[in-house]
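Please have the sequence and the model at hand while reading.

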Amino acid sequence: MENQAFENHDKSGQRKKMADETLADLNKKGNNKFTLLLVGRTGVGKSSSIDTLLGKEVAKVNDSKPETMKVTKYPGQTNDIKYDIIDTPGLCDDFAVAGHDEAYLNQIIENVKSFDLMWFVAFFADTRVSADEMRAIKMLHKAFGKAAWDKTVLVLTFSNSFFPPADFAKKLESRTEAIQNEIGKHCSITLAPAIPSVAIDNAIITNPDGQEWLGELYTTIIERISANAALPFIMATASRLKVEKPDKFVLKTA
Ligand SMILES: Nc1nc2c(ncn2[C@@H]2O[C@H](COP(=O)(O)OP(=O)(O)OP(=O)(O)O)[C@@H](O)[C@H]2O)c(=O)[nH]1
Ligand SMILES: [Mg+2]
């Protein structure tokens with residue numbers, strides 16, 4: 001018993017040492033940060049989703065409609081890793097039409113020099129891609145070209161608002177395809193179908209199929225985030241990771 005406790009203590013000591021060395025190495029190389037770009041209509045849960053992922057309040061959760069279209073940067077730091085969350089309020093909303101597109105596009109280009117991952121956030125249960133989402137997709141393509149879609153994850157929120165739960169998997173497929181098809185109008189036909197989607201619900205830890213969604217969101221991010229940012233992202237969330245299987249890490253819920 002005593003030996004076991006000693007062994008566990010020793011193991012965690014070794015892991016801490018490894019983590020410290022990795023951090024020191026990232027710092028030395030100046031590779032200790034990442035940037036996430038959030039896109040989606042008002043109220044779809046952009047801020048809530050990022051807060052759930054990082055386990056703390058980063059972006060302001062809003063119950064009212066924002067009236068300004070202003071690209072906002074939320075800088076943060078966890079475990080010595082710096083990150084920028086860039087929010088694009090209004091980009092996907094009706095009130096942004098009527099000649100403002102060009103101004104907003106310039107604002108995006110000016111403020112978002114580069115990013116490591118883009119979340120395209122949309123309601124899971126919606127039946128179609130809205131006209132304003134279509135416009136936003138067009139603008140994003142104009143701003144970043146097809147490279148943007150390589151680093152995109154479709155985050156489909158409010159999953160438990162969907163009914164009936166038995167059709168969840170079918171709905172996930174059709175909703176994903178609809179958004180991929182819209183993106184596919186602008187980039188290559190092979191790129192769009194490869195954009196992954198994750199259904200989530202910020203109010204409930206499971207999806208309608210009973211599966212916890214946070215682990216899948218986490219692993220999908222690791223697969224899509226730019227190569228340089230993967231390790232900093234893992235380090236920023238390391239204290240919340242648990243080993244589910246020898247080769248599979250998942251995030252502990254907050
Ligand atoms: N039930 C449920 N509520 C959610 C979910 N995501 C967000 N909410 C709630 O919906 C409201 C809007 O969430 P936000 O995270 O502020 O949405 P947003 O997309 O950042 O909104 P804007 O910043 O205004 O564009 C808040 O009251 C959240 O608590 C979800 O997946 N399920
Ligand atoms: Mg928000």
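The numbered points below go from the whole chain to single elements and residues.

1. Basis of the note. The model is a predicted one, in which local features need pLDDT of at least 70 and side-chain atom pairs count only at pLDDT 80 or more, while totals for chains, interfaces and linings use all residues. Residues are numbered from 1 along each chain as its sequence is written, and chains are lettered from A and ligands numbered from 1 in the order in which they are written.

2. The chain as a whole. The protein chain holds eight helices and eight strands; these are DSSP runs numbered from the N terminus, helices (H or I) having at least four residues and strands (E) at least two. Of its 254 residues, 35% are buried. A residue is buried if 20 or more other C-beta atoms lie within 10 Å of its own, exposed if 12 or fewer, and partly exposed in between, with C-beta atoms placed from the backbone. Among contacts with a separation of 6 or more, 74% join residues 24 or more positions apart; a contact requires C-beta atoms, placed from the backbone, within 7 Å.

3. The nonpolar core. The largest nonpolar core contains 56 residues, and Leu36, Leu38, Val39 and Trp119 have the most contacts inside it. Such a core is a set of buried Ala, Val, Leu, Ile, Met, Phe, Trp, Tyr and Cys residues joined through C-beta atoms within 7 Å. Strand E4 (residues 117–123) supplies the largest share of this core, six residues. Beyond its neighbours within four places in sequence, leucine 36 is in contact with Ile50, Tyr83, Ile85, Ile86, Phe115, Asp116, Leu117 and Trp119.

4. Aspartate 116. This residue lies in the loop between H3 and E4 and counts as buried, with 22 C-beta neighbours inside 10 Å. Its C-alpha is 5.0 Å from that of serine 226, although the two are 110 residues apart in sequence. Leaving aside neighbours within four places in sequence, the contacts of aspartate 116 include Leu36, Lys151, Ser226 and Ala229.

5. Helix H2 and the ligand. Which helix gives the largest share of the shell around ligand 1? That helix is H2 (residues 46–54), with three residues. The shell has 18 residues, of which Gly45, Lys46, Ser47, Ser48 and Ala203 come nearest; a residue is near a molecule if its C-beta atom, placed from the backbone, lies within 6 Å of it. By type, the shell divides into six nonpolar, nine polar and three charged residues. Here Ala, Val, Leu, Ile, Met, Phe, Trp, Tyr, Cys and Pro count as nonpolar, Asp, Glu, Lys and Arg as charged, and the others, Gly among them, as polar.

6. Eight of the nine residues of H2 are buried, including Lys46, Ser47 and Ser48. The elements covering these buried residues include E1, strand E2 (72–78), strand E3 (81–87), E4, E5 and H7. Glycine 55 follows H2 and has a positive phi, near 75 degrees.

7. Helix H4. Helix H4 (residues 131–144) has 14 residues and reaches 20 Å from its first C-alpha to its last, close to the 20 Å expected at 1.5 Å a residue; the expected span is 1.5 Å times one less than the number of residues. Its buried residues are Glu133, Ala136, Ile137, Met139, Leu140 and Phe144. Seen down the axis of H4, they fall within an arc of 165 degrees and so line one face of the helix; the arc is that of the directions from the helix axis to the C-beta atoms. They pack against strand E1 (33–40), helix H3 (101–111), E4, helix H5 (147–150) and H6. Just after H4, glycine 145 takes a positive phi of about 70 degrees.

8. The loop between E5 and H6. Two backbone features deserve attention here. Phenylalanine 158 lies in this loop and has a positive phi of about 55 degrees although it is not a glycine. Phenylalanine 158 is buried, with 20 other C-beta atoms within 10 Å. Proline 164 is placed in the loop between strand E5 (152–157) and helix H6 (168–184), and the peptide bond from phenylalanine 163 to proline 164 is cis, with omega near 0 degrees.

Definitions and conventions
Contact = placed C-beta atoms within 7 Å.
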